[in-house]
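This report goes through one protein model by region.

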Amino acid sequence: MRKLVSPSNRANGDLDVRKNGDARLPGLSLPQSTGPLRILCVGAHSDDIEIGCGGTLSQLAQRIPQPEFRWVVLSAAGPRAREAERGARKFLGAASKGAVRLHEFRNGYFPAQFDAIKDAFETLAREFHPDIVFTHTRDDRHQDHRVVSDLTWNTFRKHLILEYEIPKWDGDLGQPNVYVPLSGNAARLKSKALLDVFGTQRAKDWFSEETFLGLLRLRGIECRAGDGYAEAFHARKVLFPL
């Protein structure tokens with residue numbers, strides 16, 4: 001497992017940089033490396049990865065050297081498959097080439113397909129060895145999301161796993177403990193891209209630019225992000241080397 005490091009000047013900014021008169025929060029940061037960071041993104045449905053961590057992945061895609069991504073969507077058939085491909089290109093740019101893996105498990109029925117989905121995870125683990133894994137949070141009330149989270153933890157036991165959040169009518173947003181600040185421009189680009197790419201979802205009452213920007217703004221307030229926007233994650237195990 002690749003370690004997080006914690007020099008104060010490479011986290012959320014130097015400790016002597018102040019926001020509204022107060023020092024910004026110290027934080028952890030990824031190490032510089034001569035080799036590409038390997039990043040696994042897993043989503044139950046075609047828009048999950050983009051909603052949960054699209055801004056973070058866009059920033060990671062700009063690292064030098066460019067990371068190697070694996071973008072796995074477990075329920076993506078027909079128009080939803082085309083949206084998944086387009087979403088990966090939109091958020092990763094050139095780094096999306098060769099990264100996307102799509103499956104056609106039945107939407108809403110993941111618990112009944114557990115064995116087959118577990119087989120897909122085992123195949124994935126043999127083919128790709130990630131440094132960081134992004135997946136659904138365990139406490140998500142959508143049954144498909146919970147299955148994906150459980151199988152991620154079953155399969156990638158020695159990895160850094162960050163669980164992303166998805167706003168919806170269930171009211172299941174929790175209290176995250178890891179934040180990735182986004183610029184105001186990145187936040188607006190993310191929310192607009194979601195509406196642009198996922199035409200099949202626009203009729204849902206919660207699928208709106210106001211929803212996405214609102215959550216990013218709330219998380220930005222919580223972590224005192226410089227531009228006031230952030231994506232947030234649940235990290236159940238984080239190594240803190242001193």
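## Loop residue R224 and basis of the model

R224 sits in the loop that runs between α6 (209–223) and β9 (229–234); helices (H or I, at least four residues) and strands (E, at least two) are DSSP runs numbered from the N terminus. Although R224 is not a glycine, its phi is positive, about 55°. R224 counts as partly exposed because its relative accessibility is 29%; buried means under 20% relative accessible area, exposed over 50%, and partly exposed in between, with a 1.4 Å probe and protein chains only.

The model is predicted: local features need pLDDT of at least 70 and side-chain atom pairs count only at pLDDT 80 or more, while totals for chains, interfaces and linings use all residues. Residues are numbered from 1 along each chain as its sequence is written, and side-chain values use heavy atoms, with hydrogens and water left out.

## Cavities

Cavities and pockets are found on a 1 Å grid over the protein atoms alone: a cavity is a set of points where a 1.4 Å probe fits but cannot get out, a pocket is an open set with protein on both sides within 12 Å along at least five of seven lines, and lining residues have an atom within 4 Å of a point. Grid points are joined across faces, edges and corners, and a volume is the space filled by probe spheres set on the points. The count is four cavities of 30 Å³ or more.

The largest cavity holds about 100 Å³ of space. Its lining consists of I51, G52, E165, P167, K190, F212, L215, L216, R219, A230, E231 and A232. Two or more of the lining residues come from each of α1, α6 and β9, and α6 gives the most, with four. By class the lining has seven nonpolar, one polar and four charged residues; Ala, Val, Leu, Ile, Met, Phe, Trp, Tyr, Cys and Pro count as nonpolar, Asp, Glu, Lys and Arg as charged, and the others, Gly among them, as polar.

The second largest cavity has about 60 Å³ of space. T137, D139, D140, E165, I166, D172, L173, G174 and H234 form its lining, with two nonpolar, three polar and four charged residues. E165 lines the largest cavity and also the second largest cavity.

## Second largest pocket

The second largest pocket has a volume of about 360 Å³. It is lined by 19 residues, of which H45, N107, H142, Q201 and K204 are the closest to its centre. The lining divides into six nonpolar, six polar and seven charged residues.

## Nonpolar cores

A nonpolar core is a set of buried Ala, Val, Leu, Ile, Met, Phe, Trp, Tyr and Cys residues joined through side-chain atoms within 4.5 Å. The largest such core has 38 residues, and I39, I49, L57, L60, F69, W71 and F134 touch the most other members. Two or more residues each come from β3 (38–45), α1 (48–61), β4 (68–75), α2 (79–92), β6 (132–136), β7 (160–164) and α5 (184–197). The most come from α1, with six residues.

Contact means heavy atoms within 4.5 Å. Beyond its neighbours within four places in sequence, L60 is in contact with L30, L37, I39, P67, F69 and F134. A second, separate core has 20 residues, including F121, A125, V148 and F156.

## Helix α4

Helix α4 covers residues 143–155; at 1.5 Å a residue its 13 residues should span 18 Å, and the end C-alpha atoms are 18 Å apart, which agrees. The expected span is 1.5 Å times one less than the number of residues.

The buried residues of α4 are D144, H145, V147, V148, S149, L151, T152, W153 and T155. They pack against β3, α1, β4, α3 (114–127), β6 and β7.

## Other local features

I64 and P65 are joined by a cis peptide bond, with omega about -5°. P65 belongs to the loop between α1 and β4.

R188 is in helix α5 and, at 39% relative accessibility, is partly exposed. Leaving out residues up to four places away in sequence, R188 touches L213 and Y229. R101 is in strand β5 (residues 100–102) and is partly exposed at 32% relative accessibility. With residues up to four places away in sequence not counted, R101 touches R70, W71, V72 and V73.
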